[in-house]
Structures are given as structure tokens and as C-alpha cells.
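Please read the following briefing alongside the sequence and the model.

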Amino acid sequence: MSSPFRRIGVIGAGAMGRGIAQLYAQAGVPVVVHDAQPKALDAAFAYLHETFDRLVEKGRMGAEQRAATLARVIRADSLQGFADCDLVIEAIVERLDVKREIFKALEAVVAPDAVLASNTSSLSITAIAAACERPARVAGYHFFNPVPLMKVVEVVRGVRTEPAATDRLVELTKLAGHTPVVCQDTPGFIVNHAGRGFGTESLKALGEGVADVPTIDRILREQVDFGGMGFRLGPFELMDLTGLDVSHPVMESIYHQYYEEPRFRPSVIGAQRVAAGLFGRKTREGFYRHDGSAAPEEEAAPAAPAGMRVWAAPGPCREGVRELLAGLGATVDDGAGPAPDSLIVVTPIGADATTAAQGLDATRVVALDTLFPFGLRACKRRVLMSTPATAAPVRDAARGLFAADGARVSLLRDSAGFIAQRVVAMIVSIATEIAQQRIASPSDIDSAVRLGLGYPVGPLTMGDMLGPARVLEVLEGMYRTSPDPRYRAGPWLRRRAQLGLSLLQED
Ligand SMILES: NC(=O)c1ccc[n+]([C@@H]2O[C@H](COP(=O)([O-])OP(=O)(O)OC[C@H]3O[C@@H](n4cnc5c(N)ncnc54)[C@H](O)[C@@H]3O)[C@@H](O)[C@H]2O)c1
């Protein structure tokens with residue numbers, strides 16, 4: 001495959017610029033690098049030398065290849081060094097005014113048909129391009145950190161970007177072995193837009209007092225099961241890793257840029273913790289302590305009560321729940337209604353335990369999450385929820401019973417959609433809105449999110465694996481129980497659920 005660009009310029013030699021230079025030098029394309037700070041340029045070249053040395057040590061690169069790759073990286077002490085470049089990728093400070101000035105200055109240096117691309121995460125490509133005489137040649141080219149390892153790149157079309165420019169960037173991305181995803185210039189592009197469901201909904205549940213931080217993290221790591229894979233990190237672990245000083249402003253920015261779309265409404269908890277300086281690992285304290293102290297331990301489940309009588313209410317997976325109960329050593333009550341001493345298990349989808357307990361004796365009701373029904377028997381974690389009326393001994397007995405085969409059990413306070421249902425449904429809901437707005441193709445949305453956020457599968461595939469109708473049921477249940485417009489289902493999801501189609505189906 002030959003490169004669609006002969007010579008690439010990279011302006012800004014920080015974390016991103018040096019990674020982009022490495023990627024294309026390794027792909028065989030000459031790269032000219034410039035930074036306003038000579039020291040930053042020195043540091044970038046030192047980084048590249050060290051990186052290639054390490055690759056040689058590990059046997060991933062030969063000595064000759066190292067020399068040839070390094071020779072392809074050319075230092076430029078002024079913008080004039082970009083004169084022969086047919087592409088310049090900008091990775092400087094994230095400020096619209098500074099980027100606009102640089103793009104104007106670059107236009108004065110490069111050939112009329114050179115492409116100018118910005119690695120901005122949050123600024124409008126269209127607004128950057130508007131500073132140029134030829135806005136049609138300006139595109140977004142959004143890499144993820146660290147560039148060589150994060151194998152997806154968003155190729156962004158501004159309002160006036162010509163397809164030829166983005167087509168060439170797509171080809172270039174493939175040359176380096178990364179996956180290009182094409183999207184329209186919209187706030188957060190694909191990945192930072194689609195990523196709003198996970199943390200935001202978890203913070204909302206935390207704010208409602210549904211469960212504590214470690215419980216929510218454990219559920220999303222261990223209960224969620226897409227082909228044997230859950231989320232690698234819980235949402236609070238992830239926020240501690242990224243730093244809340246970075247993630248909270250992103251949540252606020254996407255929310256405001258979409259004119260206060262309720263699906264993205266951030267949490268006051270995030271704002272408070274940022275004000276307190278509890279950013280996460282970088283400040284040694286965030287949602288967790290990072291000072292070497294032991295991680296919080298999970299409370300052990302009480303002993304399983306012997307021969308407990310349990311009645312499973314009609315609902316999804318009733319047979320599966322009964323089988324599970326029998327396997328756990330319970331006496332399954334198969335009456336038309338519960339016997340007076342039976343524990344009552346309800347299995348709401350989208351609704352809360354209280355709603356599911358209507359017409360039943362709520363003091364004896366616990367809810368079991370059956371979103372991942374195939375994991376009922378073999379799952380690592382089962383999630384229960386009580387109503388405000390559920391008696392404490394009933395809650396304890398239920399925890400003991402559902403842990404009887406060694407599964408871990410989390411008990412939540414009442415919540416419309418437990419934790420996994422609401423978080424996964426919001427992830428799917430937001431992704432279907434991105435598809436509906438034609439920001440990107442469904443398959444690009446899926447691969448961008450899987451590769452950019454490390455989710456087990458893309459969000460539309462998540463919806464397909466659960467069934468679009470089931471996801472719609474979760475959202476409608478949540479919306480009925482707590483009529484917050486963030487839970488309204490959009491037309492992409494609704495139509496495909498109604499027609500029995502895949503969420504990846506384009507129209
Ligand atoms: N760090 C990330 O995780 C990440 C991910 C995706 C996109 N981005 C975006 O990439 C861009 C760069 O981010 P970064 O993390 O590499 O920043 P950084 O601070 O590590 O590096 C920026 C570099 O740009 C140089 N610079 C600033 N103004 C300049 C100018 N006018 N002319 C020439 N050089 C100038 C600085 O000296 C610095 O070396 C930003 O737009 C950022 O939003 C960052």
C-alpha cells in the first residue's frame with residue numbers, strides 16, 4: 001500500500017505529536033516535526049530514540065530499521081519546514097484562537113492542495129477551518145493516547161471539508177495499521193460522545209444512593225457479560241485513572257454543547273469532588289485512595305438459610321430463576337401466589353423493586369437482575385435489590401441464598417433498572433442517537449467505541465446481543481418509574497426494536 005501523502009508535517013511535539021510522528025515514521029512516511037518550544041522538540045526526539053532503542057532490545061525492530069525510521073523524522077525549527085508537506089497534522093495546545101492562528105500561518109506555507117488536519121478532542125473543526133482561505137482542505141484527525149497503542153482514529157468532516165481530504169486520511173490511517181472511523185464534526189465526535197453513558201449514569205445512580213462506589217464498579221466489571229467479557233474497569237476506577245479534572249469538564253462540555261441534553265447531564269458529585277481536588281491517581285485520592293492502602297473489601301454474604309421457601313413472581317426468565325433457586329438449595333414455591341412464609345423474588349426490567357412488588361407483600365420482596373440471563377447459573381456476580389419495605393432479615397436471607405453456590409452477590413437499594421440495566425441501556429441509547437444523527441455509520445460507531453474505550457463489544461452490538469426490544473423495555477421501564485427525559489428512547493432504537501432489526505441496520 002503506498003501512502004496517499006508523500007511527506008507529513010506534525011506541529012506540536014507533546015504527548016500526541018510525538019506519538020503521531022512515531023506512527024508514521026514506522027509506517028515508512030517521512031515526518032517533519034515542529035514545536036514552538038525547542039525543548040519540547042528535544043524531548044520528543046529523545047523519546048523517539050528511547051522508544052526505538054526499546055523496540056530493538058525487544059527484538060521488534062532491527063538496528064538498520066531503527067536507523068532508517070529515525071532518519072525519516074525531520075526536525076523543523078520554523079513553520080517553513082512544512083513547505084514540502086502535503087499533510088500537516090496539528091497537535092498543539094487545545095485553544096481555538098491559537099489553533100486558528102496556526103492554521104492561517106500554515107496556509108501561507110504549504111501548497112494549495114495540501115491537507116491540514118487537527119487532532120483536537122473538543123474544538124469544532126468547522127470553526128478552525130473558518131480561519132482558512134481554503135476550509136475544504138481542513139479536517140479533524142483525532143488520535144487517542146498513547147497513539148501507537150490506541151488503534152482507532154476519528155477522521156472528522158467539518159461542514160466545508162471536501163471528501164477527498166478525509167478519503168486520503170482514511171487511507172493513511174490504514175497504512176499505519178490503525179482503524180479509521182469517519183464522523184461529522186459534532187461535539188465529542190464519536191468516542192467522547194458515546195462515552196457519556198458509562199460514567200454519567202453510574203454517577204447518577206451513586207447520587208441516588210443506590211449503592212456505593214466499589215459496588216457499582218464490581219457490578220459493571222463482573223455482572224456485565226457480553227460473550228464472557230465485561231467492562232475491564234468500573235466507571236469510578238476509570239475516572240480515577242483518567243483524572244476527574246479531565247473527565248468532569250468533558251461531561252460538562254458535551255452536556256452544554258448539546259444544549260443541555262438530559263442524557264448527558266453531569267452529576268453534582270463530580271463538580272464537588274473536582275472542587276475538593278480529589279482527581280484520582282494523580283492526587284493520590286479520588287473515588288478510591290491511591291496511597292498504597294488496601295482496597296476496600298467486600299462484605300461476606302451471610303450464611304445460606306437451609307431449605308428456604310421461595311416464590312418467583314411471573315416475569316422474564318421465571319423458569320431459569322426457579323432452576324437457579326432449586327440449584328441453590330431453596331424449596332421452590334410453585335403456587336399461583338406466594339405462600340405466607342415464602343421469600344418473593346421479582347425480576348423487573350427497567351422498573352424498580354417497589355413497582356414490581358405491587359400487589360405483593362413488599363416486606364418479603366427482593367428483586368434479581370436477569371439482564372444477562374445466560375449468566376444466571378454460572379455468573380460471577382448476582383445483583384439483588386430491595387424495596388424500602390423489605391425486612392432486614394429477608395434481605396440477609398436472600399443475600400445468603402443467592403451466594404450459596406459461591407457467586408458473589410451485591411445488594412442495591414431500590415433503583416429503576418438496577419445498575420447494569422440502566423448503565424448498559426444508556427450506553428446503547430446514546431450510541432443509537434449518534435447513529436440517528438448520522439454522525440457516523442453504525443459499524444464505525446461500534447468499532448470506534450470498542451477500540452477507543454476498550455468496551456467488550458461496540459455499543460450497538462451490545463444492544464443486539466441483549467435484543468433491541470429488551471433494551472427498549474429497560475428504557476421505557478426506567479422512564480415510567482422516574483420520568484426523566486434522559487431515559488426517553490430515540491427513534492433509531494425504537495424502530496429497530498419494533499421491526500425486529502439489528503441496531504447496526506442502516507436506512
Ligand atoms: N493528551 C491526550 O490524551 C489527547 C488525546 C487526543 C487529542 N488530544 C489533543 O491533542 C492536542 C495536543 O495535546 P497533547 O496532550 O499532546 O498536549 P501537550 O501539552 O503534551 O503538547 C502540546 C505541544 O504543543 C506545543 N505548542 C503549543 N502551542 C504551539 C504553537 N502555537 N506552535 C507550535 N507548538 C505549540 C507545546 O509546546 C507542546 O509541546 C490538543 O489539541 C489535545 O486536545 C490530546
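Helices (H or I, at least four residues) and strands (E, at least two) are DSSP runs, numbered from the N terminus. On that basis Phe418 falls in the loop between strand S14 (408-412) and H17. The model is a predicted one, in which local features need pLDDT of at least 70 and side-chain atom pairs count only at pLDDT 80 or more, while totals for chains, interfaces and linings use all residues. Residues are numbered from 1 along each chain as its sequence is written, and side-chain values use heavy atoms, with hydrogens and water left out.

**The ligand and its surroundings**

- Asp35 places a polar side-chain atom 2.6 Å from an oxygen atom of the ligand, and an N or O atom in the side chain of Lys99 is 2.8 Å from an oxygen atom of the ligand.
- Ala36 takes part through its backbone, with a polar atom 3.1 Å from a nitrogen atom of the ligand.
- On its own the ligand has 830 Å² of accessible area, of which the protein covers 72%; such areas come from the Shrake-Rupley method with a 1.4 Å probe, and for residues only the protein chains shown count as cover.

- The expected span of a helix is 1.5 Å times one less than its number of residues.
- Helix H8 (residues 196-207) has twelve residues and spans 16 Å from its first C-alpha to its last, close to the expected 16 Å.
- Ten of the twelve residues of H8 are buried, including Phe198, Leu203 and Leu206; buried means under 20% relative accessible area, exposed over 50%, and partly exposed in between (1.4 Å probe, protein chains only).
- Helix H17 (residues 420-436) has 17 residues and reaches 24 Å between its first and last C-alpha, close to the 24 Å expected.
- Because 16 of its 17 residues are buried, H17 is largely enclosed by the rest of the structure.
- H8 is followed by Gly209, whose phi is positive, near 75°, and just after H17 Arg438 also has a positive phi, of about 55°.

**Backbone exceptions**

- Most residues other than glycine have a negative phi, and most peptide bonds are trans.
- Phe418, with a phi near 45°, is a residue other than glycine with a positive value, and Phe418 is buried at a relative accessible area of 0%.
- Tyr259 also has a positive phi, near 50°, and sits in the loop between helix H11 (244-257) and helix H12 (268-275), where Tyr259 counts as exposed at 74% relative accessibility.
- A cis peptide bond, with omega about -5°, joins Asn145 and Pro146, and Pro146 belongs to the loop between strand S6 (138-142) and strand S7 (152-157).

**Cysteines**

- With a disulfide taken as a pair of cysteine sulfur atoms within 2.5 Å, a search of the whole structure finds zero disulfides.
- Cys132 is in no disulfide, and the nearest cysteine sulfur, that of Cys85, is 16 Å away.
- Cys132 counts as buried at 8% relative accessibility, whereas Cys317 counts as partly exposed at 26%.

- Thr120, in the loop between strand S5 (115-118) and helix H5 (125-129), is buried with a relative accessible area of 1%, and a polar atom of its side chain lies 2.9 Å from the backbone nitrogen of Leu123.
- Gln26, in helix H1, is partly exposed at 36% relative accessible area, and its C-alpha is separated by 9.8 Å from that of Pro148, 122 residues apart along the chain.

Note on methods: Polar contact = N/O pair within 3.5 Å; in protein donor to acceptor, adjacent residues only side chain to side chain.
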